[in-house]
Amino acid sequence: MRLFKIQNNVLPGFGPTMAYTLFYLCLIVLIPLSALIFKSAGMTFHDFWGTVTAPRVLASYKVTFGMALLAALVNALFGTLVAWVLARYHFFGRKIVDALVDLPFALPTAVAGITLATIYSGNGWIGRYLEPRGIKVANTPLGILVAMTFIGLPFVVRTVQPVVEEIDSAIEEAAACLGANRWQTFRLVILPMLLPSLLTGFALSFARAVGEYGSVIFIAGNMPMVSEITPLLIITKLEQYDYKGATALALVMLLASFTLLFVINLLQRWSRRFAD
Amino acid sequence: MADHSLSRGARTEPRWVRWILTTVALLFLALFLVVPLAAVFSQALDKGVAVYFAALHETDALSSIRLTLLTALVAVPLNLVFGVVAAWAIAKFSFPGKSFLITLIDLPFSVSPVVSGLIYVLIFGLQGWLGPWLTEHGVKILFAVPGIILATIFVTFPFVARELIPLMEAQGKDEEEAALVLGATGLQTFFRVTFPNIRWGIIYGVILCNARAMGEFGAVSVVSGHIRGSTNTIPLQVEILYNEYNYAAAFAVASLLALLAVVTLIVKSVVEWKLKQA
C-alpha cells in the first residue's frame with residue numbers, strides 16, 4: 001500500500017534527498033554514536049560494572065539525577081504558572097516576557113554558568129542576601145539545582161502554553177454552568193487536559209538537566225561525593241587518560257538519554273491523541 | 001471592567017487571583033532570567049568601558065572570536081543543506097519508518113554535550129578507530145579545528161530539519177504538484193514554489209542553529225584540547241579567563257555571546273510573528 005503511494009507521488013527527488021539524508025545522518029550521528037557502543041563492548045562486564053558502580057560514580061548519579069528531578073519539578077510548577085499567565089492574562093510587556101522565556105535556549109551554557117556562579121556567590125547580587133541567612137547556593141548541590149532550573153525553564157512553558165491557548169472556551173463555560181467554581185474547573189477540567197503536555201515538558205526539562213555540563217560546573221564547586229555531576233566525571237576521567245572509564249560512564253549516560261527519549265516519545269504521542 | 005458576560009466570567013479568575021499569579025510568575029522569571037542577563041553586562045562593564053574594550057582586543061580573545069565565526073560558518077550551512085534536503089524527503093513523501101527517522105534526526109538533542117564530544121575522541125583519538133592512521137598521515141582532527149567543527153555539527157544537527165519538517169508537512173504538496181503539472185522542473189518547483197513558503201522557517205532554524213554553534217561549550221571543550229590562541233572558541237576563552245579569576249575580561253568576552261543571545265531572541269520573535277501571518 002505504502003510503496004504504491006510513493007510511486008503515485010508526482011513530486012520528484014525522493015531518491016536522492018532520502019539517500020543524502022541517510023548518508024549525512026550516518027556520517028554525523030549514527031557512526032560516531034556507535035563508536036561509543038563498540039568501544040564499551042571491548043570491556044569485560046566485570047570492569048564495566050566496577051567502573052559504573054564505584055562509590056564516587058554512584059554519588060555523582062545521585063546528585064545529577066536527584067537535582068535534575070528537583071529542577072524539573074520546580075519547572076513543572078512554575079512553568080505551568082508562566083504558561084498560564086502568558087496565555088491568558090494581558091499585562092504590560094507581555095510580548096517581551098514571552099520572548100525572554102527562551103533565553104536559556106539562546107544563552108550559551110558557559111555564560112549562564114559563570115553568571116549564575118557570580119550572582120549566587122557570597123558577595124553576588126543574590127548570594128549576599130542568602131548567605132547571612134545561612135543559605136549557601138554557590139559550591140553546593142543547591143547551586144546545581146539553580147543552574148538546572150535555569151537551563152530547563154523554557155521546556156514546560158513551551159509545551160504547556162499552546163495547549164492552554166487552544167482550550168475550547170465552551171468546555172470551561174460548561175463546567176461553570178454545571179456549578180463548578182473556578183478552582184474546581186481548573187483542577188478537574190483544565191489540569192487533566194494539560195497533563196500530557198505538562199509531563200512532556202517535565203521529561204524534556206529533566207533530560208536536558210541530566211546531561212547539562214556548562215552551566216552547572218561553574219556554580220557546583222565540583223566536590224567529589226558531594227557536588228560532582230556525572231558529565232564532569234567523564235571529563236575528569238578523560239583528562240586522566242582513563243578512556244575506558246570515560247566510555248563506560250558515557251554509555252550509562254547515553255542509555256539514560258535513550259530511555260528518556262523513549263518516554264518523551266510516548267508522552268508526545270499521548271498528548272497528540274489528546275489534541276485530536 | 002466588571003465581568004458581565006458568562007463567557008468572561010467562566011473563563012477567567014477574580015482580579016486578585018490574576019494579579020497574584022501574574023506577580024509570582026514575573027518574579028520567578030525576573031529571578032531566573034532578568035537578573036542573570038543584567039548581571040552579564042553589569043559584570044562586563046564593572047571595571048569601566050576601557051577595560052571592557054581592551055579585553056575584547058586581546059590577541060587570544062580575537063583568535064577565539066575568529067575560530068567561533070569559522071566554526072559557525074562551516075557548521076550552519078552544512079546543517080542547513082541537510083535540513084532542507086531531509087525536510088523535502090520526509091515532509092513531501094510518505095514511507096514506512098518515517099517517525100523513527102525523525103527520532104534519529106532529533107537524537108543529538110538528547111545526548112549530553114560531554115558525550116557528544118567524547119564520541120569524536122573515540123573515533124579520532126590516539127586509541128580511537130582512525131587515530132593511528134591519522135597520526136601516520138600527519139592529519140590532526142582531535143584537539144584541532146576540524147574536531148571542533150565536527151562536534152559543533154553534531155550538536156546543531158537537528159535544528160533546521162526539525163523546524164522545516166512540520167512546516168512543510170503542514171503546507172502539503174498541492175502547490176508543488178500544480179507547478180509540476182504546469183511544466184516546471186523539480187528544481188524550479190523547489191526554488192520558485194517551496195522556497196518562498198519556507199523561507200521564514202529556514203531563517204528560524206538557521207538563527208537557532210547559529211546561536212548553539214557559536215555558544216556550544218561541553219562538546220567543544222572535550223575535543224578542543226584548550227590550546228590558547230589556536231583551539232579556543234569564545235565559550236572556552238570565557239572559561240579560561242574565569243578560572244584565572246580575570247572576571248572583568250571573562251564577562252567582557254561573555255557579553256558578546258549574551259548579545260548574540262539577545263539578537264537571536266529578537267529575530268526569533270520577529271520570525272514567529274511573520275510565520276503566524278503567513
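Guide: What follows is a connected account of the interface between the chains, and then of the spaces and pairings elsewhere.

Please keep in mind that the model is predicted. Chain A contains 14 helices and zero strands, so that, read from the N terminus, its elements run α-α-α-α-α-α-α-α-α-α-α-α-α-α. The C-alpha trace of chain A spans about 70 × 65 × 35 Å along its principal axes.

We may now turn to the meeting of the chains. On one side, 89 residues of chain A are in contact with chain B, and on the other, 89 residues of chain B take part. The size of an interface is often expressed as the accessible area that is lost when the parts come together. Here the area buried between chain A and chain B is about 8,100 Å², and carbon and sulfur atoms give 80% of that area.

Side chains of opposite charge can pair when their charged atoms come close. Between chain A and chain B the count is two salt bridges. One of them joins K268(B) to D102(A), with the closest N and O atoms 2.4 Å apart.

Which helix of chain A gives the largest share of the side that touches chain B? That share, 19 residues, comes from helix α2 of chain A, residues 14-41. Taken by class, the side of chain A that touches chain B has 65 nonpolar, 16 polar and eight charged residues.

Let us next consider a pocket to which both chains contribute. Rolling a probe the size of a water molecule over the atoms shows where empty space is left. The second largest pocket holds about 620 Å³ of space. It is lined by 26 residues, and the closest to its centre are Y243(A), L142(B), F143(B), V222(B) and G225(B). The elements that give two or more residues to this lining are α13 (230-239) of chain A and, from chain B, α6 (113-124), α7 (131-136) and α12 (218-224). The largest share, five residues, comes from α13(A). The lining of this pocket divides into 15 nonpolar, eight polar and three charged residues.

The structure holds one cavity of 30 Å³ or more, and the volume of the largest cavity is about 30 Å³. Its lining consists of T68(B), T71(B), T152(B), A213(B), M214(B), E216(B), V220(B), T233(B) and P235(B). In chain B, α4 (59-91) and α11 (186-215) each supply at least two residues of that lining. By class, the lining has four nonpolar, four polar and one charged residues.

Finally, we return to salt bridges, now in the whole structure. Over all chains the search finds 15 salt bridges. One of these lies within chain A, between D98(A) and R158(A), whose closest N and O atoms are 3.1 Å apart. This pair links distant parts of the chain: D98(A) belongs to helix α5 (residues 94-100) and R158(A) to helix α9 (residues 141-165), and the two residues are 60 residues apart.

Definitions and conventions
Residues are numbered from 1 along each chain as its sequence is written. Chains are lettered from A and ligands numbered from 1 in the order in which they are written. Side-chain values use heavy atoms; hydrogens and water are left out. Contact means heavy atoms within 4.5 Å. Buried area is the accessible area (1.4 Å probe) that two parts lose on being put together, summed over both. A salt bridge is a side-chain nitrogen of Lys or Arg within 4 Å of a carboxyl oxygen of Asp or Glu. Helices (H or I, at least four residues) and strands (E, at least two) are DSSP runs, numbered from the N terminus. Ala, Val, Leu, Ile, Met, Phe, Trp, Tyr, Cys and Pro count as nonpolar, Asp, Glu, Lys and Arg as charged, and the others, Gly among them, as polar. On a 1 Å grid over the protein atoms alone, a cavity is a set of points where a 1.4 Å probe fits but cannot get out, and a pocket is an open set with protein on both sides within 12 Å along at least five of seven lines; lining residues have an atom within 4 Å of a point. Grid points are joined across faces, edges and corners, and a volume is the space filled by probe spheres set on the points.
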